[in-house]
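Visitor: Please take me closely through a single part of this model. Start with any term I will need.

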Amino acid sequence: MANTLRDPRVASTLDKMYSAAQDQMSLLRERRGQFDRPMTAAERTEAMSEFYIPVTPDAGRLLYALVRATRPATVVEFGMSFGISAIHLAAAVRDNGSGRVVTTELSDTKIASAKQTFTDTGLDGVITILEGDALSTLTQLDGPVDFVLLDGWKDLYVPVIELLQPSLSEGALVVADNTEAADTRPYLEYVRGPANGFVSFNFPARESDSMELSCWTGT
């Protein structure tokens with residue numbers, strides 16, 4: 001059975017990216033206070049343009065397993081960054097034998113780097129990058145959406161899922177990362193609200209943080 005995560009090109013790339021992300025942690029902690037002021041999406045994107053802030057290896061493998069199990073035709077990711085989570089999603093799509101990953105990113109720096117990474121890993125054929133403001137570019141989607149990863153700015157989780165909701169196939173799985181963050185509370189209230197069409201539960205994906213897994217029931 002195929003496992004693209006074990007492909008030497010993919011495995012070595014992920015190792016290098018996780019190592020680079022770890023090396024950035026002290027600098028990120030030093031600058032964290034700079035990100036507390038009110039900023040536009042473009043300003044936040046520019047401020048974070050050099051930082052990975054990736055899903056953990058365990059969370060990446062969870063995403064891979066979920067995509068393998070649910071076999072979505074279309075996976076949508078909000079917040080590509082340098083592409084670590086997209087690699088896990090695309091590896092699963094590749095191993096399923098069909099499907100595509102549509103990912104979004106505002107940072108030109110990250111887009112250029114990710115494009116090269118996807119080419120180097122051989123996954124570029126199953127990944128489409130929507131460049132620019134996700135609330136605009138995601139309106140270009142055609143066909144149903146079967147799997148969603150929310151991993152961009154947390155205060156945009158609600159508008160993004162509201163935008164995608166008309167395109168969700170029945171039973172679509174929505175995974176929201178970093179749901180211990182205070183600014184994800186409106187999103188959690190939304191997907192847990194009985195009138196909004198989701199069956200939702202919280203999963204402790206790592207120490208001191210969690211993912212919210214929500215199934216769209218269409219009702």
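Guide: A pocket here is an open set of grid points with protein on both sides within 12 Å along at least five of seven lines, and its lining residues have an atom within 4 Å of a point. Keep in mind that this is a predicted model.

Take the second largest pocket. It holds about 160 Å³ of space. Its lining consists of Leu5, Ala11, Leu14, Asp15, Tyr18, Pro57, Arg61 and His88. Sort these by class and you get 5 nonpolar, 1 polar and 2 charged residues. Asp15 and Arg61 are the charged pair. His88 is the polar one.

Which helix gives the largest share of the lining? That is H1, with 4 residues. Ala11, Leu14, Asp15 and Tyr18 fall within its span, 8-23. H1 and helix H4 (57-70) each supply at least two lining residues. From the H4 span come Pro57 and Arg61.

H1 has another partner. Its axis comes within 9 Å of the axis of helix H6 (residues 108-121), and the two cross at roughly 145°. On the H1 side, Arg9, Val10, Thr13 and Met17 make the contact. Thr117, Asp120 and Thr121 meet them from H6. Arg9 and Asp120 are the charged ones.

Back to the lining. His88 lies within the span of helix H5 (84-96). Ser81 is in the loop between strand E1 (74-78) and H5. Why does Ser81 count as buried? Its relative accessible area is 13%, and the cut-off for buried is under 20%. Its phi is near 55°, a positive value in a residue other than glycine. Most residues other than glycine have a negative phi.

E1 leads on to helix H8 (residues 157-164). Val76, within the E1 span, is touched by Leu164, which is found in H8. Leu138, Leu141 and Val148 are also touched by Leu164, leaving out residues up to four places away in sequence. Leu164 is buried, because its relative accessible area is 1%. Leu164 and Val145 are 19 residues apart in sequence, yet 7.8 Å apart in space, C-alpha to C-alpha.

H8 in turn packs with helix H9. The two axes come within 8 Å and cross at roughly 35°. Tyr157, Val158, Ile161 and Glu162 in H8 meet Pro186, Tyr187 and Tyr190 in H9. By class this contact has 6 nonpolar, no polar and 1 charged residues. Glu162 is the charged one.

Finish at the loop between strand E5 (168-176) and H9 (185-192), where Thr179 lies. Asn178 sits in that loop too. Phi of Asn178 is near 60°, a positive value in a residue other than glycine. Thr179 counts as buried, because its relative accessibility is 1%. Its side chain makes a polar contact with the side chain of Asn202, at 3.2 Å. Beyond its neighbours within four places in sequence, Thr179 is in contact with Thr184, Arg185, Leu188, Asn202, Asp209, Ser210, Met211 and Glu212. Arg185 and Leu188 fall within the H9 span.

How values were computed:
Residues are numbered from 1 along each chain as its sequence is written. This is a predicted model: local features need pLDDT of at least 70, side-chain atom pairs count only at pLDDT 80 or more; totals for chains, interfaces and linings use all residues. Side-chain values use heavy atoms; hydrogens and water are left out. Axes are lines fitted to C-alpha atoms, for helices over the stretch in contact, and angles run from 0 to 180 degrees between N-to-C directions. Contact means heavy atoms within 4.5 Å. On a 1 Å grid over the protein atoms alone, a cavity is a set of points where a 1.4 Å probe fits but cannot get out, and a pocket is an open set with protein on both sides within 12 Å along at least five of seven lines; lining residues have an atom within 4 Å of a point. Grid points are joined across faces, edges and corners, and a volume is the space filled by probe spheres set on the points. Buried means under 20% relative accessible area, exposed over 50%, partly exposed in between (1.4 Å probe, protein chains only). A polar contact is a pair of N or O atoms within 3.5 Å; within protein, one must be able to donate a hydrogen and the other to accept it, and residues adjacent in sequence count only if both atoms are side-chain atoms.
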